[in-house]
Each structure stands twice: as C-alpha cells, then as structure tokens.
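Here are my notes on this model, in numbered points. Please read them with the structure open.

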Amino acid sequence: MATMIEVEDMITVGALAERLSLPVTQVITVLMKNGILATVNEKIDFDTAQIITGELGLEDIELVRKSSAVEEAPVRQKFVSTDPNAEARPPVVAVMGHVDHGKTSLLDAIRSANVVKGEAGGITQHISAYKIMHGDRGITFLDTPGHEAFAALREHGAMLTDLVIIVVAADDGIKPQTLEAIRFARKAGVKMLVAITKIDKPASDINRIKQQLSEAELMPEEWGGDTVILGVSAKTGEGLKELLDMVLLIADVEELKAVFKAPATGLIIESHMETGRGAVAEALVEQGTLKPGDFVVAGGTYAKVRNLESTTGGILKEATPSTPVVITGFKALPEFGDAFEVVKSEKEARAAASGEGASRKSGAGTLEMSSNELIRLINRSNQLQELNIIVKADVQGSLTSVIDSLKTLDNAEVAVRIVGSGVGAITENDMHMAHTSKAIIYGFDVTLPANVKQIASRDKVSVRMYKVIYELIDDVKAELTSMLAPEVIETPLGRLVVKGIFKTTKTEVICGGEVTKGKLTYPALARVMRDKEEIAEVEVTMLKRGPVEAKEVQEGEMCGMTFVSKARVDIAEGDHIEFFTRELKTRSL
Ligand code: GDP
C-alpha cells in the first residue's frame, strides 16, 4: 500500500525534501539531473514534485494534491462544448509510454499511411501535432514527448487531449514510465486506450501484459473491465486500422464537439524562429474556424495570417476545430501554452497584444518557471538542451565554415541551434531576433554599427565579435559546456558500526560505534544501512573521540558522532553508517 503524502500546488524544494524524509541535496540533485536548477527555497509545481518523487525511486509514496480538485474541470468544459450550435470535431490524441516501446514508430507508421501524399516534402522542422484522415474522418495526433508536456500545459490552464494511447511493448511489459503515463492520464481525467506494440516479435506475451494492466487497475474488456486493449505492429502495419477505428469510436462515445462557425480560439503548441520566416508558431484550433487574413493575438504578440499551412507542409483554406496549423508573421515569438484568439482588425490585435503582454508579465511570477524553461522541460525527452545563436560573417565562405564547425560541437545532451545567419554587418533585425529567441549573436569579421550596439545594451542581447574562427568556436563550446548538467561524484569515506545510541530527537541522533572500514571525517553525508538496505541519508555534523572533537577517525577506532536528518531516524545497534562526500562537477564537452 502506498503512503499518501499531501503536497501543495507549488512547494519549495526544502519542504518537499522534508515531506519525503530525504536530504534536500538528494532532491536538488535529481532536479538538476532533470534540467531544473532550483535552490532550497525555490518552488516547484506539483507535477514536477511527482515526477521527481518517481525518479527518486520512491515507489511506495504517492503524492496527492493538497488543494481542492477543481483544476481541470473548467478547461475541459471549454473544450467539450455544450453550445447548441456545436458540431462533432476530430479527437485530439496523445501517445505515451515507456521509452523504446515504439511511440515514435507507431506515430510514424500512422502518419506515413494516412497523411495526404505530396505534403511530406515540406517538413523541415520537428512538428508537434498533425492531423490524419482515417476514411473521411480526421484524427489529430499530438507528438507529445512525454508527460512533461501535459504538466506544462496544465500549468497554463489548458488540457489539450481527449484520449491517450498508452503504449506497451509486447516483449517488455509495463515499466515505471508506463505506470506514470497511466497515472497521469487518470489524474487528468483523459480516456485511455492501450496499444500493445511490437506484436510481430516472437517474444510477445500478451496475457502477462493484460495481467499487469489489471494490476494497474486497467481491467481488460475481455476480463470484464472497460479498458480497450489492441495489439499493433508499426513494422507490419497489423492492427493500425483497428486502432484508428477504436479511437474514432471512443470519440463518438465522448461526443466531442466544438462550434465551427465562430472566430477561432486555441492554443500555441510550439514556436521557434526560422531564418527567412521569422517567428513561426504551431497552433491547435479548439473552437471556431481560422482563415487566411485573420488577425491572431497570442500572448503579448499578434500576426496577420497570410497563408494557412498544415503542420505537414500543405496549404489549408481554413482550419476548423482540432486542426493544428502553422502561423507565420508574428511580431515576436508567442510562447508555448499561450492561448490565441482571432480579433476583427489589426488595431484591435495591437491593443489586445499590448494588454496581454502586460498581464502575462504580471502573471508570470505565479508560474515560477518561464515558458522557456517549460519548453526545455518538454524537449527534455530527447535529453537535448539547445543554445540559440545567430551567426553573421563577412562573406558566404566564412559563414559556411563557421556553421559547419559549430555543427560538430553537438552531442546527445547539448546542441547549437542556429536561429539566424547571414552575410554582412549586424543589424537591428538580428537584435530583434536574438531578443525574442534569447539567442547570442556571433559576428565573424563584421561590424556592429553604433545604433545597433545601443539596442544590444538596451535589450541585453549578448553580441560577441571575433576575427579568428577557432576563438569563436571555443566561445560557443564554453557556452555549451556551461549547459551540461554537472556530474555527481560520490566518494566513500568509511563505515561505522553502531554500538550505542545516546540521544535521538526528530532531527538529530547522537550515537557511537566502531570504524570498520576507511576513515571518517566530517562534515560529510552518510547513509544509514540496515541489512544492506538504506534507511536514511543524513548529514554528519560532529565526530568525537571520547569527549574530544575529532577531525578524523581511523579504521579500528571507536568514536561518537552526531548526525542530522529531515525526519526521525530510528537508529539501532548493529546499523552501518556509510560516510561519503558528494560533489557536483562541471563536465567538459
Ligand atoms: P519510442 O522511444 O517509444 O518512441 O520507441 P521507438 O519508436 O523509437 O522504437 C524503439 C525501437 O523499437 C526501435 O528500434 C524500433 O525499430 C522498434 N520498434 C518499434 N515498433 C516496433 C514494432 O512494431 N515491431 C518491431 N519489431 N520493432 C518495433
């Protein structure tokens, strides 16, 4: 039975560590491994807390939200329209599951079989969503890299998906991330459907998976439950048609509707700067119909929709509910999770954008995490952190060689993303682009006019000028290195076997014993072990030989020690206390 621990919507790292009875350093380390740099007093949201608890391996602990359970309800009502004019709309589906269980292959197989031929050529960027046709009906797939996307979206008070396909590999069964995905969908109140993937593999054991699913309270239909389970193979295509049929059937039962004849509203689901195109955003229409010529306001910016592009590169005449579209022409980058709406005129758009910009700024504090950080969290699934840069060079030849050299710096964790490049002096436009995409500008043998320099200092854009290529490359390399998550290095010091306990309070223990291995020093961290199992991680604050403070105690000696812990440690004679130190070391590329 899991222990329930109540946690607020936002909780400080210190408070979370205390509830979990863990040293705060351990929580910070795991956060850091997940790309979140937070100090003891910084707040993280509930979903992050939950993910971190999972990653700490605390499977017997379940975090429950302290505040009342009203969070998703209003948003879903907005999406499931009760308007009498509402018409059926395509379902929005996300695929989630354990890594390597075949999410990407499944999405690719569905897309290549069902996206209108001839469109695919236009794909250059990663796309966040696409709509397929199954027979004469649409289905929109969100290419969600993981539940972080859901957490992030909910942060913004929106819930996009109608249905989650939980993917389980036939030859591997349910894994921790599968359970996490199930928990996530359940908590968000989203319908689930299970796709057992890779059924072409000989090692498949479908019955075992059904057993595991029923243990996770997803009772298969054929066993009297209500969970639909289908076998599929991305390799042979088996089961894909049935899967899509089932998605539509569930959509029918859910009666998903939206008003079509109205100005469009929806959500920005991706945004980036693109050379030659400027700010490019992907948006999902939730209500109404988006048309060329519309003025779209999102966050603190707006765009006039010139061409309406589908996310797979085709041109659309209009975008109805549940359709993902690409919108260019935004004055600045709207942010992931921003709601968008269509207004009547450019004047109205400008006014709404400036008003929204102001209100978004004031609201940002409550999120305690910028959208950029959220996007980074979302992109984390591919473990990649990107450094946005703009490169300007004197001539095309040197520009090409700078860009080619920069490309060699990428590795699995960090990568250079060139958001703009060109030949000639650094311009106001470069500043603007750098400002909105938070990029560093690198100039190779070019000039920086005085007026542009002024803008740089006003907008705090970092501009770095070089005349030697390798120095420029070294600078970028240093930037990338600083983005690498530090390596956690633990060094064992020694072991004490507890022979006597002198004092225990809720947070402090004084005990004594014999050093049976290594050399003890303090301050240090220590694990209290009982029968080879860790029962607590603590901080050693004092060592004594007899009544006298001792800087170090050697193997074979007796000593007394004091340690502090976040929660009571019921230490017993015979426990082993393993001393160690932990450092975070910066890594090099
Ligand atoms: P993801 O991490 O969940 O997106 O998983 P991928 O789609 O990247 O798949 C992981 C591995 O499983 C890849 O090597 C795929 O080729 C393989 N795979 C995925 N689906 C199938 C399938 O239906 N049959 C077989 N035999 N292999 C598959």
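1. Start at Leu-56. Leu-56 sits in the loop that joins α3 (46-55) to β4 (61-65). This is a predicted model: local features need pLDDT of at least 70, side-chain atom pairs count only at pLDDT 80 or more, and totals for chains, interfaces and linings use all residues. Residues are numbered from 1 along each chain as its sequence is written, and side-chain values use heavy atoms, with hydrogens and water left out. Helices (H or I, at least four residues) and strands (E, at least two) are DSSP runs, numbered from the N terminus.

2. Is Leu-56 buried or exposed? Leu-56 counts as buried because its relative accessibility is 15%. Buried means under 20% relative accessible area, exposed over 50%, and partly exposed in between (1.4 Å probe, protein chains only).

3. What does Leu-56 touch, leaving aside its neighbours within four places in sequence? Leu-56 is in contact with Leu-20, Leu-22, Gln-26, Val-27 and Val-30. Contact means heavy atoms within 4.5 Å. Thr-29 is 27 residues from Leu-56 in sequence, and the two C-alpha atoms are 9.9 Å apart in space.

4. α3 is mostly covered, with eight of its 10 residues buried. The buried set is Phe-46, Asp-47, Thr-48, Ala-49, Gln-50, Ile-51, Ile-52 and Thr-53. Just after α3, Gly-57 takes a positive phi of about 80 degrees.

5. Look at two polar side chains in this helix. Thr-48 has its place in helix α3. Thr-48 counts as buried because its relative accessibility is 6%. Its side chain makes a polar contact with the side chain of Asp-45, at 2.3 Å. A polar contact is a pair of N or O atoms within 3.5 Å; within protein, one must be able to donate a hydrogen and the other to accept it, and residues adjacent in sequence count only if both atoms are side-chain atoms. Gln-50 also lies in helix α3. At 17% relative accessibility, Gln-50 counts as buried. Not counting residues up to four places away in sequence, Gln-50 touches Leu-63 and Lys-187.

6. Next, the ligand. Which residues are closest to the ligand? Of the 14 residues that surround the ligand, the closest are Asp-100, Thr-104, Ser-105, Asp-200 and Ala-234.

7. Polar pairs at the ligand are as follows. An N or O atom in the side chain of Asp-200 is 2.7 Å from a nitrogen atom of the ligand. An oxygen atom of the ligand lies 2.8 Å from a backbone N or O atom of Ala-234. A polar backbone atom of Lys-235 is 3.5 Å from an oxygen atom of the ligand. Taken alone the ligand exposes 570 Å², and the protein buries 72% of that. Accessible areas come from the Shrake-Rupley method with a 1.4 Å probe; for residues, only the protein chains shown count as cover.

8. Check the backbone exceptions. Most residues other than glycine have a negative phi, and most peptide bonds are trans. Glu-217 is not a glycine, yet has a positive phi of about 60 degrees. Glu-217 lies in the loop between α8 (206-215) and β11 (229-231), and counts as exposed at 64% relative accessibility. Glu-255 is not a glycine either, and has a positive phi of about 50 degrees. Its place is the loop between α9 (240-254) and β12 (257-258). Glu-255 counts as exposed because its relative accessibility is 52%. The peptide bond from Tyr-522 to Pro-523 is cis, with omega near 0 degrees. Pro-523 lies in the loop between β26 (508-521) and β27 (524-530).

9. Last, the whole chain and its confidence. The chain has 15 helices and 32 strands. Of its 589 residues, 50% count as buried. The mean pLDDT (the predictor's confidence in each residue, from 0 to 100) is 82, and 86% of the residues reach 70 or more. Over residues 68-79 the pLDDT is below 50, and this stretch has 22 contacts in the model beyond near neighbours in sequence. Over residues 357-382 the pLDDT is also below 50, with 37 contacts in the model beyond near neighbours in sequence.

Notes. Near = heavy atom within 4 Å.
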